[in-house]
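Dear colleague,

I am handing over the structure below, and after it you will find my notes on what turned up. Please read them with the structure open beside you.

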Amino acid sequence: MEITGKTKIMFVLADPIDHVRASAVMNAYFGSIGDDLAVSPIHVMPGDLGHVVASIRLMRNVFGFGVTIPHKTCVIEHLDEITPTAQLIGAVNFVKRTAEGRLVGDNLDARGFIASLAQHDIAVRDRKVLQVGAGGAGRATAFGLAEAGARELTIMNRDDQKARALAAAVAAHYPATKVSAGRAEPRAFDLIVNTTSLGMKVDDPLPLDIEGVGPGATVSDIIVNPAVTQLLARAAAQGAKAIGGQPMLDAQMALVARFIAR
Ligand code: ATR
């Protein structure tokens, strides 16, 4: 890759930085479509976020930046505008820098997640979905699943209070989806989605017991690394369809390209 004065520059802001994969995925994607764009991860401590964002605003060859843990919510106060989707989810994962230096935040997690399911022929419309986790990523997937027409959405989380708050927020915006919070029997669902961080480490327990979940059901785990979590390995062994987090990241690339186009 040759980076010159004509190259469009982007960043990915994170802390810690070691786990960041989005920059490599973006560089590969933009390279593959012949776009002269280069992305670098930058390690930004939470206390420095405002200064870094204010500096990026002044960098005229920067077209935008990705935002990941722990900046997805805190970045909002430093932006000029966020999209209604980002507002609903309460988090931003991509920021566009306009030619005038305005910073506009969006959240592409929900649309990326739903697009990745569609690309793998996994239907959401009229299906019963069980989601584990109600953190930042879980908020995006829950709104995405309701938007995509899930008939039922049950949200299960260690902190039940958070699951109930998310269920109420989703139900308020998507009355056609029957949304609830609490424990449920996984075998009664068409699609099971893990949005917790359980599965990133080899010695993590399973985020839920999927006994009885087999052919006809799909298990999705949005963890990118490892590509096959224990949960996905178990699902595949039981005959269920298994899909990891990489497709969700891949599906966001076309959305990023469209979002930052000037
Ligand atoms: P992210 O932005 O990646 O979603 P997050 O907002 O910190 O990160 O959310 C992490 C999710 O993983 C939450 O649903 C969290 O459950 P709590 O809301 O109860 O904290 C879940 N999680 C993390 N560690 C967990 C553990 N050891 N057991 C069960 N759930 C866990």
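Phe11 has Phe65 in β3 as its bridge partner, and the two strands concerned, β1 (residues 8-14) and β3 (residues 62-67), pair in the parallel sense over five bridges. Strands here are DSSP runs of E with at least two residues, helices are runs of H or I with at least four residues, and both are numbered from the N terminus; two strands count as paired if DSSP finds at least two bridges between them. In general, the strands of a sheet pair through backbone hydrogen bonds, either parallel or antiparallel.

Before going further, please keep in mind that this is a predicted model, in which local features need pLDDT of at least 70 and side-chain atom pairs count only at pLDDT 80 or more, while totals for chains, interfaces and linings use all residues. Residues are numbered from 1 along each chain as its sequence is written, and side-chain values use heavy atoms, with hydrogens and water left out.

The open sheet that holds these strands has six of them, in the order β2-β1-β3-β5-β6-β4, with mixed pairing. β2 (37-43) and β4 (81-82) stand at the edges with a single partner strand each, so one side of each is left without a neighbour in the sheet.

Polar contacts are pairs of N or O atoms within 3.5 Å: a polar side-chain atom of Lys162 lies 2.6 Å from an oxygen atom of the ligand, and a backbone N or O atom of Asp159 lies 2.9 Å from a ligand oxygen atom. The protein covers 67% of the 640 Å² of accessible area that the ligand has on its own, as computed by the Shrake-Rupley method with a 1.4 Å probe.

Most residues other than glycine have a negative phi, and most peptide bonds are trans. The bond from Asp15 to Pro16 is cis, with omega near 5°, and Pro16 is found in the loop between β1 and α1 (22-32). Asn225 and Pro226 are also joined by a cis peptide bond, with omega about 10°. Asp121, which is not a glycine, has a positive phi near 55°, and lies in the loop between α4 (109-119) and β7 (128-132).

Notes: A polar contact is a pair of N or O atoms within 3.5 Å; within protein, one must be able to donate a hydrogen and the other to accept it, and residues adjacent in sequence count only if both atoms are side-chain atoms.
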